[in-house]
Amino acid sequence: MPKNPRGGPLEGVRVVELTKVWAGPYAGKLLAFLGAEVIKVETASSPEEMRAYGGTDINHAPYFLSINPEILSVDVDLKSPLGIGRLRELIARSDIVVNNLRPGAMERLGVGYEQLQAVKPDIISVSIKMWGNDGPLGYQTGYAPCFAALAGMASLVGYPGGPPLGASMRYGDSTVGAAAAFAAVVALLHRDLTGVGQFVDVSAVETLSAMIGDRLLEYALTGRELGPDGNRHPDMAPHDCYPCSGGDWISIAVSNDAEWHRLCDVLGADLAQQRHHVDEHDLAPLTSRQDAEQLAQRLRAAGVPASKSATALDVIGDPRLWEREFYRFVSDHREGQRPVLGPPWRMSRAVTRIARGAPDLGEDNDYVLNAVLSARSASGAR
């Protein structure tokens, strides 16, 4: 049985996580939020990078704390035969292995997919690589900015006439991690139906290219070179962010002439231009002295889609998110309780309890090494 059953649709599923930084750990986080028991295999002599970002020590780094709630940690020396033996035993008692290690690393450790099949024939192995595991570039490795650049997304982010500004690293890592978690769930369903495991090969570049499929098709049909277009929209206008008082901004999206006339009425302006030719410089003088939230409320009341562009402080303080339990309080070894971002979904059945913060390195050694690995059968895994 799992160390701490928490309910959820994946209760009883055990996941071994051999991941670093963000994309792989984010996949593990989503699976844990669905109720899986996710065991992160770490090595004390070489802690993963996120444990070093911004904290006072490896157990108190904010990035690691935010990405790894409800994850278990076991300290295993993967450079020793004993450590590799323990890893293979753990996988034999598990359902899914998720990794985003460098190309070839799993095979060099002796836990490539074919090697894992010998340990557990129905294992599901989910591999996240920049280009996937095959093809002429399968040997390359990279981080989220590389994913977005190679996928074509980064070149579309920016303002007309200006250089590409790239995409936030969070886009690359979290999107790819979510795709990997989704693929893992699909593979589980397939195994439930057929009894057969499989190898899931996730290409980060392909995942992000899929996000701009409409632009790729547009280029294929028109041959027109595409570049950054700011906040503009091919059908809606005005469609942009406009400055307001106090350094705040408002986002406005107008889809038809009726909304355009309502916008003009609220702003008290008689704009002679056709709405498709209005840009930020035309509306900015009309919005710059107004309170963003109040203006957004007036526009919405008039039937014009608008919203204040939220700051991080706005999001944290949003009572609607607190009411929907988007923020969850979890245990913390130092502060006692602290909020983390919960799952962005709600389930009417099989609700998962989320209450445990990110682990100290090796915090669950006793459970994994003495309870899971001492089991005589794989009855703890489904």
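1. Lining of the largest cavity. In this predicted model, strand β5 gives 3 residues to the lining of the largest cavity, the largest share. Helices and strands here are DSSP runs numbered from the N terminus (helices are H or I, at least four residues; strands are E, at least two). The lining consists of N99, G104, M106, E107, V111, G112, Y113, S125, S127, K129, N133 and F199. Two elements give two or more residues to this lining: α4 (105–109) and β5 (124–129). By class there are 4 nonpolar, 6 polar and 2 charged residues. Ala, Val, Leu, Ile, Met, Phe, Trp, Tyr, Cys and Pro count as nonpolar, Asp, Glu, Lys and Arg as charged, and the others, Gly among them, as polar.

2. Numbering and limits. Residues are numbered from 1 along each chain as its sequence is written. The model is predicted, with local features needing pLDDT of at least 70 and side-chain atom pairs counting only at pLDDT 80 or more, while totals for chains, interfaces and linings use all residues; side-chain values use heavy atoms, with hydrogens and water left out.

3. Cavities. On a 1 Å grid over the protein atoms alone, a cavity is a set of points where a 1.4 Å probe fits but cannot get out; a pocket is an open set with protein on both sides within 12 Å along at least five of seven lines; lining residues have an atom within 4 Å of a point. Points are joined across faces, edges and corners, and a volume is the space filled by probe spheres set on them. There are 2 cavities of 30 Å³ or more.

4. Pockets. The largest pocket has a volume of about 870 Å³. Of its 33 lining residues, K20, E49, N100, L101 and R102 lie nearest the centre. The lining comprises 14 nonpolar, 8 polar and 11 charged residues. The second largest pocket has about 690 Å³ of space, and K29, S66, F326, V340 and L341 are the closest to its centre among 23 lining residues. Its lining has 17 nonpolar, 3 polar and 3 charged residues.

5. Salt bridges. The structure holds 17 salt bridges (a side-chain nitrogen of Lys or Arg within 4 Å of a carboxyl oxygen of Asp or Glu). E42 pairs with R51, the closest N and O atoms being 2.8 Å apart. E42 is buried at 4% relative accessible area, and R51 is buried at 1%. Buried means under 20%, exposed over 50%, and partly exposed in between (1.4 Å probe, protein chains only). R191 in helix α7 and D95 in the loop between α3 and β4 are 96 residues apart, yet they form a salt bridge with closest N and O atoms 2.8 Å apart. R300 and E293 also form one, at 3.7 Å; R300 is partly exposed at 40%, and E293 is partly exposed at 32%.

6. Confidence. The mean pLDDT (the predictor's confidence in each residue, from 0 to 100) is 90 for the protein chain, and 96% of its residues reach 70 or more. Over residues 376–382 pLDDT stays under 50. Where pLDDT is low, predicted coordinates should not be read in detail.

Conventions: Contact means heavy atoms within 4.5 Å.
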